[in-house]
Structures are given as structure tokens and as C-alpha cells.
Amino acid sequence: MGYRKQLIVLHTVLAAFFLPMGIMYAITGGLYGLGLKGDYETVETQLQLEAPLDGELSTLVKLAEDELDRQEINPPTGNASVKKGGTSYYFEWTGAVRDVQIHPTENPLVATLKVKDTNTHRYFVQLHKAKAGTAFKWFAAVWMVGLVLLFLTGGVMAFVAKPYRKLATVAAALGVAMFVVLAMLS
């Protein structure tokens with residue numbers, strides 16, 4: 001099999017394999033850019049604490065896990081963190097299906113727990129934003145490599161085929177120029 005045929009086969013396999021991922025990223029990214037981010041259904045409950053919150057990630061994760069377990073709710077699949085701003089902070093644990101937040105209140109022995117379940121569109125936005133579990137994050141990394149290979153194989157095929165070389169060159173030059181101009185204007 002010649003290198004052109006191998007290139008076509010590789011390009012075809014990559015395009016077909018990553019088609020669902022490409023469609024998801026294109027749609028969610030485009031809509032996100034237009035301000036359409038999906039929605040959450042949020043349920044808030046007040047937590048009675050035995051001691052004031054200390055702002056430590058491990059303590060807040062344990063508190064969230066215990067409360068979610070008590071309510072028979074699966075925990076988020078993504079990462080947990082403490083978000084700080086000025087003298088305030090809150091705990092956030094994100095995932096594809098749900099986010100969980102714990103906010104201190106004026107009463108040091110009461111905290112607010114927010115369980116935010118995603119709608120279908122927000123679920124895919126969360127996947128796009130790498131808020132999912134480890135397996136999907138690795139698949140997204142493989143998708144990144146696959147997408148680069150897809151562009152490279154398509155570009156090589158276009159640039160080495162005489163009938164398409166000039167068209168590919170002009171299109172690439174216009175693409176670079178458009179990217180640079182819009183990036184500078186942004």
C-alpha cells in the first residue's frame with residue numbers, strides 16, 4: 001500500500017472514529033460562545049454543623065460525601081476545590097452529571113449545600129470543559145491527538161495532490177490571516 005493510500009486510510013479511520021466527539025465539541029463550543037451553556041436544577045439544603053467550617057479541602061470533601069451518601073445521591077465525577085475570593089470561600093465539586101457546592105453562612109454552625117444536576121445540554125458542556133471523570137478526560141486527550149492528526153493528514157493530502165495544492169495554500173493562508181486578525185481584535 002502506497003503512502004497516499006495509507007494516509008487516506010488513516011484520515012478516514014480518524015474521521016469516522018472521532019466523529020461523535022467532534023460533533024459534541026463543535027456544537028457545545030459554538031453554543032457556549034453564543035452564551036448558551038445549558039442549565040442546572042439546583043436543590044439547596046441547610047447543613048447543621050458540629051463545628052465551624054475550616055475551609056480545608058479534605059474536610060469539605062468528607063462533609064459533602066457524608067451528606068450526599070445520607071441523601072443517597074451519587075457524588076460528582078470530576079474534581080473538588082475550594083474557591084476563594086477576598087475574605088470569602090466556598091467548596092465546589094464538579095462533574096458531568098452534577099456539581100456540588102458548600103457555602104458558609106453567617107451562622108458558623110450552618111452551611112448551605114447546593115446540589116446542581118445538569119440538563120442534557122449542560123451535561124455535554126461539562127464533558128467539553130473536562131469536568132467529567134478520569135476515563136473521559138483521557139479520551140479527550142486522545143481526541144486532541146486524533147484531531148491534530150486529522151488536520152495533518154488532511155492537509156498533507158491536499159498539499160501533495162496537484163489539483164488541490166493551490167486551493168489548499170490559499171485556504172491555509174486565509175485561515176492563518178483570519179485567525180491572527182481576530183485574535184488581535186479580541
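Me: How many residues lining the largest pocket are nonpolar, polar and charged?
Reply: The lining divides into five nonpolar, two polar and two charged residues. Here Ala, Val, Leu, Ile, Met, Phe, Trp, Tyr, Cys and Pro count as nonpolar, Asp, Glu, Lys and Arg as charged, and the others, Gly among them, as polar. This is a predicted model, in which local features need pLDDT of at least 70 and side-chain atom pairs count only at pLDDT 80 or more, while totals for chains, interfaces and linings use all residues. Residues are numbered from 1 along each chain as its sequence is written, and side-chain values use heavy atoms, with hydrogens and water left out.

Me: Which residues are they, and what space lies in the largest pocket?
Reply: Gln48, Leu49, Glu50, Ala51, Pro52, Leu53, Asp54, Thr59 and Leu63 line the pocket, which holds about 160 Å³ of space. A pocket is an open set of points on a 1 Å grid over the protein atoms alone where a 1.4 Å probe fits, with protein on both sides within 12 Å along at least five of seven lines; lining residues have an atom within 4 Å of a point. The volume is the space filled by probe spheres set on the points, joined across faces, edges and corners.

Me: Switching to the sheet, what is the strand order?
Reply: The order is β1-β5-β4-β3-β2, in an open sheet of five strands with antiparallel pairing. Strands pair if DSSP finds at least two bridges between them; helices (H or I, at least four residues) and strands (E, at least two) are DSSP runs, numbered from the N terminus.

Me: Which strands stand at the edges?
Reply: β1 (40–48) and β2 do; each has a single partner strand, so one side of each lacks a neighbour in the sheet. From one strand to the next, the twist averages 20 degrees, with axes fitted as lines to C-alpha atoms (for helices over the stretch in contact) and angles from 0 to 180 degrees between N-to-C directions.

Me: How many bridges join β2 and β3, and what lies between them?
Reply: Six bridges join this antiparallel pair, and Val82 has Phe91 of β3 as its bridge partner. The two strands form a hairpin with two residues between them, where Gly86 in the turn has a positive phi of about 65 degrees.

Me: And how many for β4 and β5?
Reply: β4 (98–104) and β5 (110–118) are antiparallel over seven bridges; Arg98 is partnered with Asp117 in β5.

Me: Which strands do α3 and α4 lie across?
Reply: α3 lies across β1, β2, β3 (88–93), β4 and β5, at about 55 degrees to β3.

Me: What about Thr94, buried or exposed?
Reply: Thr94 sits in the loop between β3 and β4 and is buried at 7%.

Me: What is phi at Glu72 and at Ala130?
Reply: Glu72 has phi near 55 degrees, positive although the residue is not glycine; it lies in the loop between α3 (57–70) and β2 (80–85) and is exposed at 74%. Ala130 has phi near 60 degrees, again positive in a residue other than glycine; Ala130 lies in the loop between α4 and α5 (134–160) and is partly exposed at 40%.

Terms used:
Buried < 20%, exposed > 50% of the residue type's maximum accessible area, 1.4 Å probe, protein only. Contact = heavy atoms within 4.5 Å.
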